[in-house]
Every structure is written in C-alpha cells, then in structure tokens.
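Trainee: Please take me through this model by its labels. For each label I would like the value and the cut-off behind it.

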Amino acid sequence: MEYSTTALHSSKPRVEPVFVSQEIFAKALEENVSDRFRIILFTEGKFTAQINEVFVQVITPAVMCLNEKDLLKIPAEEQLQIKCREFLFNPKFLNKKLNFENILQKGTDAESEVIENRMLLKTHINSRELNYFRYINPEDARHINGLMEKAHFELCEQNSGWWPCKTRSFLTEILFFNAQLFELKQNANKEVTFFAAGSDFKPILDYIARSYDQKITLENLCSEFGTNRTDLNKLFKEKTGMTAIKYVIDLRLRIARSLLKDTDLPVERIAEQTGFSDSTHLERLFKQKYQMSPGEVR
C-alpha cells in the first residue's frame with residue numbers, strides 16, 4: 001500500500017507523502033514501510049511485539065515511533081485483539097530539504113531546517129537505540145489520538161487549500177509531544193522489558209502477556225510448553241535474569257504500578273486485574289520491589 005494522500009481539488013496532480021489511519025486492528029499493520037516514518041498509537045490489547053531483533057511486551061495504551069528501516073512483528077493470533085492508529089509520513093513532508101540520509105547526519109554543518117528537525121524526529125532516528133517505545137497514560141493517549149483525528153480529517157476532507165499545512169501542524173504537535181513525553185519518561189521506560197529474539201522464548205512471553213491476570217503456576221507453564229521446571233527456569237534466567245514465576249510477578253507489579261499512576265481504580269480492583277490473590281498480596285510484593293506502598297505511588 002502506498003501511504004500517501006492525493007489532492008482532491010487541485011488543477012495539477014499533487015500527492016503528499018503522508019497518511020493517517022482510522023482506528024484499525026493490528027492485522028492491518030505492515031511489518032515494514034520502507035519510505036515512511038511511523039507513529040503507532042496502541043489503544044487496546046496486550047501482547048509481545050518483535051521490533052528488529054528484540055522483543056518488547058506491550059501493555060496499552062502505548063506509543064511506538066519507528067523509522068523506515070524498523071521491522072515490526074506482532075503475533076498473528078493476537079492481531080484481531082489489538083487496536084491501534086497509525087500516522088505515516090516521509091520526512092520531506094515536514095520540510096522539502098529533509099531526507100532519510102541528511103536527517104541522520106550529526107554536527108552543525110547542515111542547514112538550520114535539517115538541524116532543527118533532527119531534534120523533532122529524534123524518537124524515530126534513535127529507534128535502534130531502543131528509544132522507540134513508551135507506555136503512556138490514558139490522558140496522553142487521548143491527546144495523541146485527538147491530534148491524529150484532526151490530521152485524518154484534514155487529509156480526507158481537504159476543505160481548503162491549506163490542508164497540507166494544517167496536517168503538518170498537527171504532525172509537528174505530535175512530534176513535539178512525543179519528544180517531551182519520551183524524555184520525561186526516560187526513567188519510567190526502565191519498566192519496559194526488552195529481550196533478545198529467540199524462537200524458543202517468544203511463545204512463552206506471548207502466553208504470559210495474554211494471561212498475567214489469571215492464575216499462572218510453574219506446573220501449568222511446563223505443561224503448556226512441554227518442558228520441565230529446571231529447563232524452563234534456566235531459559236528465563238538466561239533471557240531475563242529471573243525465574244519464570246519471578247518474571248510473572250515482576251510483570252504484574254509493573255502493570256499495577258502503571259495502573260496506580262494513571263487511573264483511579266481502587267487497589268483491590270488493580271490487584272484483581274493484575275492477577276494477585278488480594279490487595280494485601282499486591283501491597284506486600286509492591287513494597288518489596290519499589291520500597292513504597294501503592295498509596296505512596298498514587
């Protein structure tokens with residue numbers, strides 16, 4: 001698919017290298033778009049994505065900023081449970097002097113427009129440094145989605161000849177917002193867990209990402225994946241530095257922390273939603289990990 005927008009009311013053929021989707025299922029996402037940067041807002045679902053050579057567990061809402069070389073893979077069996085929205089653009093849509101080569105150059109010898117936009121696009125340029133993904137709160141997600149909706153309206157309706165300029169302004173707002181969001185959440189992103197790719201490990205991550213809110217034991221993990229306790233824990237130790245059940249608990253705590261910070265759900269409800277037996281169990285383990293109570297975090 002060519003992710004561009006054609007002018008509807010122009011006397012001369014005109015195509016702008018920009019496209020904004022409506023809310024879609026992840027099945028519609030392509031693994032790679034070789035001539036576009038992508039901003040993907042994930043609004044619903046939980047899954048393990050592969051980005052280039054690493055895995056990352058995605059808990060929505062979340063935002064992902066990819067460049068033209070990045071490869072995104074999402075489990076086929078999960079794609080119809082994941083909702084998202086996508087903003088695709090070529091750098092030259094922001095400024096005709098930009099291209100995929102000069103936006104990567106360093107130093108101050110380039111033209112001012114190029115230097116300024118390097119900062120604006122840093123979340124895409126640095127994506128191979130694992131700077132491409134953030135968990136975000138619902139308010140941030142609504143803001144990004146609102147700007148995407150405005151850009152989508154301009155591209156579809158083209159009510160005036162200013163539609164490319166208006167779309168560019170909304171894109172710029174999103175890029176500025178993401179740059180600030182990623183910088184502010186630099187420490188928070190330590191909660192995001194990346195893993196080296198490995199076909200023996202990914203199905204287990206997918207299973208846990210789908211089932212962390214249910215009862216998970218070492219025995220049912222071994223049964224599900226046809227292995228034994230020793231080999232399973234050895235695999236988890238190699239990949240995560242934790243045993244299998246320690247990893248499950250750590251994931252639940254990270255999700256609980258996000259819910260405490262970004263929602264008004266009572267602790268009892270969060271405990272239930274993240275797979276803990278009760279709020280006392282959550283609070284005890286939470287203090288062990290974060291050295292503070294759920295109430296203090298909130």
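Mentor: Start with a definition: a residue counts as buried when its relative accessible area is under 20%, as exposed when it is over 50%, and as partly exposed in between. Keep in mind that this is a predicted model. Both Phe201 and Phe236 fall in the buried class.

Trainee: What makes Phe236 count as buried?

Mentor: Its relative accessibility is 0%. The cut-off is under 20%, so Phe236 is buried.

Trainee: How much of the protein chain do buried residues make up?

Mentor: They account for 51% of its 298 residues. The chain has twelve helices and twelve strands.

Trainee: Now the rings. How many aromatic pairs does the count come to?

Mentor: Ten aromatic pairs, by a rule that asks for ring centres within 6.5 Å.

Trainee: Why is the pair of Phe201 and Phe236 called edge-to-face?

Mentor: The centres of the two rings are 5.0 Å apart and the planes stand at 80°. A pair needs centres within 6.5 Å, and planes over 60 degrees apart count as edge-to-face.

Trainee: Where in the chain do Phe201 and Phe236 lie?

Mentor: Phe201 is in the loop between β12 (194–196) and α6 (202–211), while Phe236 is in helix α8 (residues 229–240). They are 35 residues apart, and the pair links distant parts of the chain.

Trainee: Phe236 also pairs with Tyr247. What makes that pair tilted?

Mentor: The distance is 5.6 Å centre to centre, with 45° between the planes. Planes under 30 degrees apart would be stacked and over 60 edge-to-face; the rest are tilted. The value of 45° belongs to the rest, so Phe236 and Tyr247 are a tilted pair.

Trainee: What does the pair of Phe236 and Tyr247 tie together?

Mentor: Phe236 lies in helix α8 and Tyr247 in helix α9 (residues 244–262), so the pair ties together parts that are eleven residues apart in sequence. Tyr247 has a relative accessible area of 0%, so Tyr247 is buried.

Trainee: Which residues do ring pairs link into a cluster?

Mentor: Phe37, Phe87, Phe89 and Phe100.

Trainee: How do you know that the charged end of Lys46 sits over the ring of Tyr212?

Mentor: The charged end of Lys46 is 4.2 Å from the centre of that ring. The rule asks for a distance within 6 Å and a position within 35 degrees of the ring normal. Arg168 has its charged end over the ring of Phe93, 4.7 Å from the centre.

Trainee: What makes α7 and α8 roughly perpendicular?

Mentor: Their axes cross at roughly 95° and come within 10 Å. The range for the label is 65 to 115 degrees, and α7 and α8 are therefore roughly perpendicular to each other. Leu218, Glu219, Leu221 and Cys222 in α7 meet Arg229, Leu232 and Asn233 in α8.

Trainee: Is His281 buried, exposed or partly exposed, and why?

Mentor: His281, in helix α11 (residues 279–290), has a relative accessible area of 25%. Buried is under 20% and exposed is over 50%, so His281 is partly exposed.

Trainee: What is worth noting in the backbone?

Mentor: Most residues other than glycine have a negative phi, and most peptide bonds are trans. Asn52, in the loop between β6 (46–51) and β7, has a positive phi near 60°. Gln158, in the loop between α4 (138–157) and α5 (163–184), also has a positive phi, near 50°. Thr60 and Pro61 are joined by a cis peptide bond, with omega about 0°.

Trainee: Why do Asn52 and Gln158 count as buried?

Mentor: The relative accessible area is 12% for Asn52 and 3% for Gln158. The limit is under 20%, so Asn52 is buried, and so is Gln158.

Definitions and conventions: Residues numbered from 1 in each chain as written. Predicted model: local features only at pLDDT ≥ 70, side-chain atom pairs only at ≥ 80, totals over all residues. Heavy atoms only, no water. Phe/Tyr/Trp six-rings, centres within 6.5 Å; stacked < 30°, edge-to-face > 60°. Helix = DSSP H or I, 4+ residues; strand = E, 2+ residues; numbered from the N terminus. Buried < 20%, exposed > 50% of the residue type's maximum accessible area, 1.4 Å probe, protein only. Axes fitted to C-alpha atoms, helices over the stretch in contact; angles between N-to-C directions. Parallel < 35°, antiparallel > 145°, perpendicular 65-115°, else oblique. Contact = heavy atoms within 4.5 Å.
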